[in-house]
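I opened a structure that was new to me and kept short notes as I went. Here is what I looked up.

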Amino acid sequence: MFAPCPCFAAASRGRTAARIAPRPAKRPAKASKPSPQRIDVHHHIVPPAYKALGPARDFVATWTPEMALEDMDKAGTATAITCIYAGSALAGHPEARRVARECNDYAAQLGRDYPGRFGMFATLPFPDVEGCLAEIEYAFDVLEADGVYTQTSYGRQYLGDPAFAPVWEELNRRKSIVFAHPHTPEVCEDLIPGVPGPIIEYGTDTTRAIASLVFSGTASRLPDLRFIFCHAGGTMPFIIERFTRLAKRKDHAEKLPKGVLHELKRFYYECAQAAHPGAMSSLLQLVKVSQILFGTDFPYRTAGDIAGGLAKCGFDDKALQAIHRGNALRLFPRFR
Amino acid sequence: VIAGCPCCLSPRATARAPLARSRKAPARRKARGNDSGRIDVHHHFLTPDYLAAAGPLYDSPGTNSLRSQWTPQVSLDSMDEGGVRTSIVSLSSPGVWFGEPALRRRLARECNEYAARMAADHPGRFGFFAALPLPDIDASLAEIEYSFDTLHSDGVGLLTNLDGRYLGDPVFRPVLDELERRKAVVYTHPTPLEATRNLQPGIPASAIEFGTDTTRTIASLVFTGTAARTPNVRYIFSHAGGTLPFLVERFTRLARRPGVPPLPRPVLFELRRFYYEVAQAANRVALASLAELVPASRMLFGTDFPYRTAREMADGLKKCDFTPTERSAIDRGNAAKLFPRFKGA
């Protein structure tokens with residue numbers, strides 16, 4: 001494994017630097033460790049209002065809050081910040097406002113039923129901007145949501161699309177957290193027989209959304225928005241050189257007064273489905289450990305799965321604790 | 001001292017990364033003297049006929065004006081400047097995938113003969129990956145025969161998809177079977193899925209779509225069993241594998257998923273026998289990930305000339321944590337095994 005890059009992992013000179021040690025140095029997990037009190041920022045729930053929109057895969061259809069709690073307890077997850085398990089059925093649905101509201105009421109109730117165990121990313125009726133603004137007000141002011149959930153794209157509109165600007169401006173005003181979850185764009189469905197969309201297309205759509213936010217100038221214009229991108233940033237870290245090269249173009253450079261790396265390094269990246277050295281070695285060359293968050297993608301993956309994967313990535317104990325809990329606590333202090 | 005990252009592109013930033021494993025430092029100094037003899041497996045050429053036919057298709061915002069002024073000498077100058085002894089040339093996207101079938105056949109033949117002439121005119125400096133007029137199978141088989149047996153091509157250059165069909169698609173089977181029979185080198189170059197070409201204003205397809213299309217064609221080759229069926233084909237994927245190394249866990253998990261037909265050989269076996277060239281990915285962020293997947297013996301030097309230069313990629317590689325032995329294998333040794341005719345070049 002490569003040593004950390006001093007430029008990318010900006011805190012290189014000192015104590016907070018990410019130390020990805022060469023493999024032989026990694027220590028076996030100790031059985032007697034105290035619970036890591038993980039905070040899972042990528043955790044799906046199945047609100048009845050959304051499920052009613054269409055058929056779901058079997059293990060989603062049978063989801064209950066108890067299933068979620070059982071998995072959390074098993075792996076030492078203290079709190080999960082929840083989001084709906086899919087968003088595409090909602091996008092453009094004639095009753096999207098109602099369904100989003102019911103999903104949010106459901107998630108908030110879950111938080112009240114199990115105090116301290118569940119936070120929520122509010123569902124918004126994208127691409128209906130007026131509806132989004134109304135739901136933002138309700139979700140934050142009435143339900144005290146921890147942030148909002150969005151898809152990486154809606155049809156051909158990516159997150160930096162000018163049409164969405166009022167939503168981001170309002171969220172920036174609220175210094176909100178935005179959890180951007182990938183999906184498979186329609187034009188990329190069923191490209192390869194036997195290879196489902198999430199395998200390749202999810203990662204790419206996250207990368208497109210990041211590019212959209214950065215190169216449209218949205219990210220630099222709204223510095224109080226805190227974006228969390230799934231799966232270690234999709235594929236963005238791996239193709240970083242494309243981003244840095246593109247940022248030199250005059251039209252882009254004008255919108256990035258602090259440079260493209262400044263924006264990419266201030267985003268947050270959760271590690272569900274990416275808790276393996278192939279992704280983490282790369283992500284860590286780009287961002288500090290402080291930007292990496294624990295996420296599971298439950299019920300598609302388990303907390304034990306992801307925690308086990310992270311343990312094999314060569315992080316030291318301090319870095320692991322920051323990823324498991326400390327970094328998320330700074331974003332969601334109410335779970336302290 | 002803060003060492004330089006290729007992305008920060010501080011030109012003279014040093015390779016003396018304070019956090020790099022210290023045992024490498026002395027050897028690195030020695031290796032700096034050996035800045036020549038590279039073999040570039042990702043190097044584009046253009047012919048006047050090709051440009052005339054593909055002109056508007058070949059244009060995309062932000063690309064280098066060099067493409068309209070290219071001559072073999074332009075390549076040689078850049079190769080000399082970047083310590084490249086030999087370039088294996090190929091067409092970039094869209095290859096000959098446009099126009100009428102007759103035009104594709106004519107352009108493939110004309111480009112292959114042009115490349116063969118470059119190789120003859122500049123001994124040891126150029127090899128080539130033959131273009132094929134796919135999806136016309138008979139014409140492609142004929143072009144394989146001609147380019148290998150008469151023009152002595154070093155392999156074939158395929159696009160990652162043709163009209164949304166990836167390389168594991170049954171339509172390509174006879175061609176890959178013939179390439180297997182010949183134990184050929186198959187170089188793949190990304191091309192965007194047509195529907196994703198203009199997804200976002202100001203973001204050319206090469207920035208994001210190229211990488212993902214390489215990953216798609218790797219998935220297609222592996223999960224259709226095509227890779228296992230063509231064990232003697234030496235596949236080279238561009239740009240460090242597109243995005244594959246970053247997503248590798250998705251691949252290994254898919255193979256274990258209930259209901260997915262078992263593959264003859266494990267996914268990782270296939271992924272680890274492929275070759276990956278480093279153009280536009282010769283930086284620590286990408287290669288740290290690639291190095292988790294494959295040993296340096298599966299990495300090849302590539303530049304994507306004329307869009308990028310050998311000097312840029314060589315400097316990028318120097319900033320990565322490879323031992324001098326590994327770097328020399330990436331620069332030349334691994335490719336010399338694939339293309340033995342350039343061993344003494």
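My entries follow, starting with the ground rules.

**Ground rules.** This is a predicted model, where local features need pLDDT of at least 70, side-chain atom pairs count only at pLDDT 80 or more, and totals for chains, interfaces and linings use all residues. Residues are numbered from 1 along each chain as its sequence is written, chains are lettered from A and ligands numbered from 1 in the order in which they are written, and side-chain values use heavy atoms, with hydrogens and water left out.

**The sheet in chain A.** I traced an open sheet of eight strands in chain A, ordered S1-S2-S3-S4-S7-S8-S9-S10 with parallel pairing. S1 (38-45) and S10 (292-293) of chain A are the edge strands, each pairing on one side only. My strands are DSSP runs of E, at least two residues, and helices are runs of H or I, at least four residues, both numbered from the N terminus. Two strands pair if DSSP finds at least two bridges between them. I then picked out S3 (residues 118-123) and S4 (residues 147-151) of chain A, which run parallel and are joined by three bridges. There, A:Phe121 stands opposite A:Gly147.

**Strand S4 of chain B.** S3 (residues 126-131) of chain B runs parallel to S4(B), with three bridges. S4(B) also runs parallel to S7 (residues 185-189) of chain B, with four bridges.

**Cysteines.** How many disulfides are there over all chains? I got zero, taking a disulfide as a pair of cysteine sulfur atoms within 2.5 Å. For A:Cys230 the closest cysteine sulfur, in A:Cys83, is 7.2 Å away, so it is too far for a bond. For A:Cys271 the closest is in A:Cys313, at 8.1 Å, again too far. A:Cys230 is buried at 0% relative accessible area, and A:Cys271 is buried at 0% too.

**Where the chains meet.** I counted 66 residues from chain B and 65 residues from chain A in the contact (heavy atoms within 4.5 Å). The two chains bury about 5,800 Å² between them, 63% of it on carbon and sulfur atoms. That area is the accessible area (1.4 Å probe) lost on putting the two parts together, summed over both. I found six salt bridges across the interface, each a side-chain nitrogen of Lys or Arg within 4 Å of a carboxyl oxygen of Asp or Glu. One of them links B:Arg308 to A:Glu241, with the closest N and O atoms 2.9 Å apart.

Methods. Buried < 20%, exposed > 50% of the residue type's maximum accessible area, 1.4 Å probe, protein only.
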